[in-house]
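This report is meant for someone meeting the structure for the first time. Please look over the sequence and the model before reading on.

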Amino acid sequence: MAICFPDTQGDAPRIAIHLSRVGVTNVKKLLRLERPGKRPIILTPTFDAFVDLPSDQKGIHMSRSPEAISEVVDEVVSSSSVWIEDLCAKIVERMLEKHEYAARVEINMESEYMFPRESPVTKKESQEMCKLLANAVGIRDENGKISIRKSIGAEVVGMTVCPCAQESVREADKNKLLEFLDEETCAKVLDTVTFASHNQRGVGTIVIEVPENQKVEGEKIIELIEKSMSSPVCGLLKRPDENATVMNAHKNPVFVEDCVRNMVETIIEEYSNLPDDTLITIRQVNHESIHRHNAFAEKISTLGGLKEELNWEE
């Protein structure tokens with residue numbers, strides 16, 4: 001005879017407080033995503049799964065969340081095409097079924113993603129890594145109606161060059177040159193030479209909400225982030241490549257604030273077709289080379305809000 005174990009989670013808690021998020025973190029899976037006309041994507045994503053907990057229930061049924069993740073991942077393996085934000089949305093749907101007491105369910109996914117890169121001069125091929133991000137949140141209202149919002153994003157490393165330090169170096173060198181050159185010759189030299197500055201390893205992030213019947217490609221987000229900085233970085237650089245990377249970066253100095261504003265501009269240009277209430281998160285963190293601290297900038301807004309700030313006209 002099977003043993004009937006007690007449902008301790010369903011007991012009343014000693015302190016009747018509603019909890020915003022309860023769940024599991026660091027659930028790892030292996031995922032292969034087939035894409036028509038493109039190479040398949042192999043990911044090893046990590047999931048965090050949360051539900052809210054009513055004040056009259058002692059605990060959630062913890063095993064149901066990783067169970068929902070496993071079931072949906074197993075199902076999409078046989079699918080011909082799936083988008084990772086849709087995968088998260090499917091997990092949210094399954095979790096809402098399993099956690100019938102929950103009014104809010106959230107799933108976050110993060111995975112390393114490999115993409116090809118050629119060095120700028122010698123065209124050496126390398127494999128670069130970034131992070132793909134996806135999220136879905138499901139809300140069940142008092143009438144049992146469910147609404148789900150999903151997002152996709154990426155976190156990419158690049159290189160930035162400080163404009164302020166570069167201008168200081170330029171001004172100092174100008175004063176030295178004027179000791180033995182006339183104004184006209186000095187101006188020609190200044191226009192020819194690339195001036196030094198301190199550099200940062202920049203980490204740019206974009207997360208875009210994906211409305212129903214719309215698609216946002218992770219590869220395009222990666223491209224937009226890289227374009228916002230002074231230069232992309234590459235794992236394999238020969239001496240001519242190093243020279244080109246450094247020279248090109250110093251011809252395009254940007255502050256941490258510039259990177260975020262550059263991403264805003266390119267997002268509006270690329271995704272102007274998305275609804276105005278589409279939520280967008282943009283973030284840049286620069287790991288300073290001459291300071292112990294990091295520089296940070298962020299913009300969170302709807303697409304319509306960004307268009308309004310820039311007086312965007314389609």
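## The surroundings of isoleucine 107

Once its neighbours within four places in sequence are set aside, isoleucine 107 is in contact with Phe47, Asp48, Ala49, Ile69, Cys88, Ile91, Val92, Ala134, Asn135 and Ala136. The model in which these contacts are found is a predicted one.

In soluble globular proteins, nonpolar side chains tend to be buried together. Here the largest nonpolar core has 64 residues, and Phe47, Ile107 and Ile221 are those with the most contacts inside it. Helix α2, which covers residues 84–98, gives the most to this core, with eight residues.

## Isoleucine 148 in strand β7

Isoleucine 148 has its place in strand β7, which runs over residues 146–161. With a relative accessible area of 23%, isoleucine 148 is partly exposed, since a residue counts as buried under 20%. Not counting residues up to four places away in sequence, isoleucine 148 touches Ala89, Val92, Glu93, Ala136, Val137 and Gly138. The C-alpha atom of isoleucine 148 is separated by 9.5 Å from that of glutamate 212, although the two residues are 64 residues apart along the chain.

## Two helix pairs

Two packed helices are described by the angle between their axes and the distance between the axes. Helix α5 (residues 218–228) and helix α7 (residues 256–270) pack at an angle of about 140°, and their axes are 8 Å apart; the two helices are therefore oblique to each other. Their crossing is right-handed. On the α5 side the contact involves Lys220, Leu224, Ile225 and Ser228, which meet Cys259, Asn262, Met263, Thr266, Ile267 and Glu270 in α7. Sorted by class, the contact of α5 with α7 has five nonpolar, three polar and two charged residues.

In the other pair, helix α3 (residues 163–177) packs with helix α4 (residues 183–192) at an angle of about 145°, with the axes 10 Å apart. Here too the crossing, in which α3 passes α4, is right-handed. Arg170, Lys174 and Leu177 of α3 make the contact together with Cys186, Val189, Leu190 and Asp191 of α4. By class, the residues of the contact of α3 with α4 divide into four nonpolar, no polar and three charged.

Serine 70 lies in helix α1, which spans residues 64–77, and with a relative accessible area of 22% serine 70 is partly exposed. Although serine 70 and valine 27 are 43 residues apart along the chain, their C-alpha atoms are separated by 9.5 Å.

Arginine 239 belongs to helix α6, which covers residues 239–250, and at 72% relative accessibility arginine 239 counts as exposed.

## Asparagines with positive phi

Asparagine 26 lies in strand β1, which covers residues 19–28, and its phi is near 65°, a positive value in a residue other than glycine.

Asparagine 311, which is not a glycine either, has a positive phi of about 50°. Asparagine 311 is found in the segment after α8, the helix at 303–309. At 64% relative accessibility, asparagine 311 counts as exposed, because the cut-off for exposed residues is over 50%.

Technical notes. Residues numbered from 1 in each chain as written. Predicted model: local features only at pLDDT ≥ 70, side-chain atom pairs only at ≥ 80, totals over all residues. Heavy atoms only, no water. Axes fitted to C-alpha atoms, helices over the stretch in contact; angles between N-to-C directions. Helix = DSSP H or I, 4+ residues; strand = E, 2+ residues; numbered from the N terminus. Parallel < 35°, antiparallel > 145°, perpendicular 65-115°, else oblique. Left-handed = near helix turned anticlockwise from the far one by under 90°. Contact = heavy atoms within 4.5 Å. Nonpolar A, V, L, I, M, F, W, Y, C, P; charged D, E, K, R; others polar. Buried < 20%, exposed > 50% of the residue type's maximum accessible area, 1.4 Å probe, protein only. Core = buried A, V, L, I, M, F, W, Y, C linked by side-chain atoms within 4.5 Å.
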